[in-house]
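Here is a friendly note to read alongside the model. Please keep the structure open as you go through the points.

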Amino acid sequence: MSARRRRAARVATATLVSGLVAAGAIATAGTAVADEIPQNPGGATATIGDLKTYGSAVVHDNGEDSWVSAGLFEMSVDDGGTLQTYCIDIHNPTQRDAKYQETPWSGTSLSGNKDAGKIRWILQHSYPQVNDLAALAEKAGVSGLTEKDAAAGTQVAIWRYSDGADVDAVDPRAEKLADYLQNSARNLVEPKASLALGPAAVSGHAGEKLGPVTVHTNAGSVTVTPPADAAADGVKIVDKDGKVITSAFDGSRLYFDVPKDSSDGSAALTVQASTTVPVGRAFTSETRSQTQILAGSSESTVSATVTANWAEKGAIPALSASKNCAEGGVDITAANKGDEAFTFELMGIEHTIEAGASQTVTVPLQEDQAYDFTISGPNGFAERFKGVLDCEIQGSANDVSTQTVSEPSPASVGGTSTGGTDLAETGGSSTTPLIAGTAIALVVIGGAALSLVRKKKAPAQD
């Protein structure tokens, strides 16, 4: 066994890199290339379209009024399905065709918002969840409520809690609905993910069952398909008794069954289901597009991924990442199921995870800051994490926008602003730049390439 295989991994931190980061930028170490690790535990992934049902609203701030479209967006779910969403980030534009991922509230501006649960109440008690407009109008004490009024009034009520905005619907019926929803709302708990796996990464010795990985879903069942490359080498997905499984349910526990004679390596398992995404789930984009919250879902395809890493001996790390808006950074969780310590460095601080231990390290970031870093380990192990920290509501009435930035204003809102600006002047231009922050590239030192989809490595040379 070579000294390289026996020693713990070490990672060096590169200098901060200012400016925009290309979407495909990769931090590399020599010839090593790390696959990007999902930072969301799973759920629906979708592409945002246009505002579909909307009215008009006016935002008041520091004596200025800004006119804005208010209503429902429509998203197309990857592999099938449609979502309807409202905005919870009034001061930022929506990027046309931006990709969104179902996200826990802890990774959004809802983190620490004491009224976040009231937004969920509004969603459950208004349009489109309540599509009997006559009944909704009666409860709100208004007559002649249209779909546009209902969508605008609901969005306005949400903004009052999500952004603390001083905002009114332009149509009196929509405004009366907004007041009713705001005054009636009660705090509800955050809805659970449509599909998630926990933990997001596991590790261990070849010859063991690696796990367990617990399935969390509101679907009746999920499809479990073993990674093709790993399956060819005898790696199976099994239950606690070692029985091969191809489908699972909420609460099911999955294991990677790795043959004892397997070469050191790793694999990524994705499970998939068809279900309706729970109302109130948040959706975020890495392109710095407006955060959205789910108002309605068709039957949609959802998925979640877990990675496994195994070796014969030495440090055997399992790494995962999640945004932590409460702490203003990204949490890197490192577990070590090996028989030697796993040592790495982040932001100039060295961390050592003893054999059998686990530790979470928070990487502090600035709001809107892009990050892209890779952590390497023994035997070519390397995992990459990238994204943008988007945790805060910010801005003023001068930069309010809800339409997609590649389109002109989707509504002719009518009227004139008083001492302020109109929608066309507040972010509706196709030249609106993509907001991006400083990028962090943590460049790894040493190690050969190792894909998270199982790859064999040549035996170590003594």
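1. First, the ground rules. This is a predicted model, in which local features need pLDDT of at least 70 and side-chain atom pairs count only at pLDDT 80 or more, while totals for chains, interfaces and linings use all residues. Residues are numbered from 1 along each chain as its sequence is written, and side-chain values use heavy atoms, with hydrogens and water left out.

2. Have a look at the open sheet of 5 strands, ordered β9-β18-β15-β11-β13 with mixed pairing. Strands here are DSSP runs of E, at least two residues, and helices are runs of H or I, at least four residues, numbered from the N terminus; two strands pair if DSSP finds at least two bridges between them. Because β9 (201-205) and β13 (247-248) are at the edges with a single partner strand each, one side of each has no neighbour in the sheet.

3. At the β13 end, β11 (residues 222-225) runs antiparallel to β13, joined by 2 bridges. T223 sits opposite S247 of β13.

4. One runs from Y127 to P128, with omega near 5°, and P128 is in the loop between α2 (116-124) and α3 (133-140). Another joins G198 and P199, with omega about 0°; P199 belongs to the loop between β8 (195-198) and β9.

5. N62, not a glycine, has a positive phi near 50°. This residue lies in the loop between β3 (45-61) and β4 (64-77) and is exposed (over 50% relative accessible area, 1.4 Å probe, protein chains only), at 75%.

6. D368 also has a positive phi, about 70°, without being a glycine. D368 lies in the loop between β23 (358-364) and β24 (370-376), and at 10% relative accessible area it is buried (under 20%).
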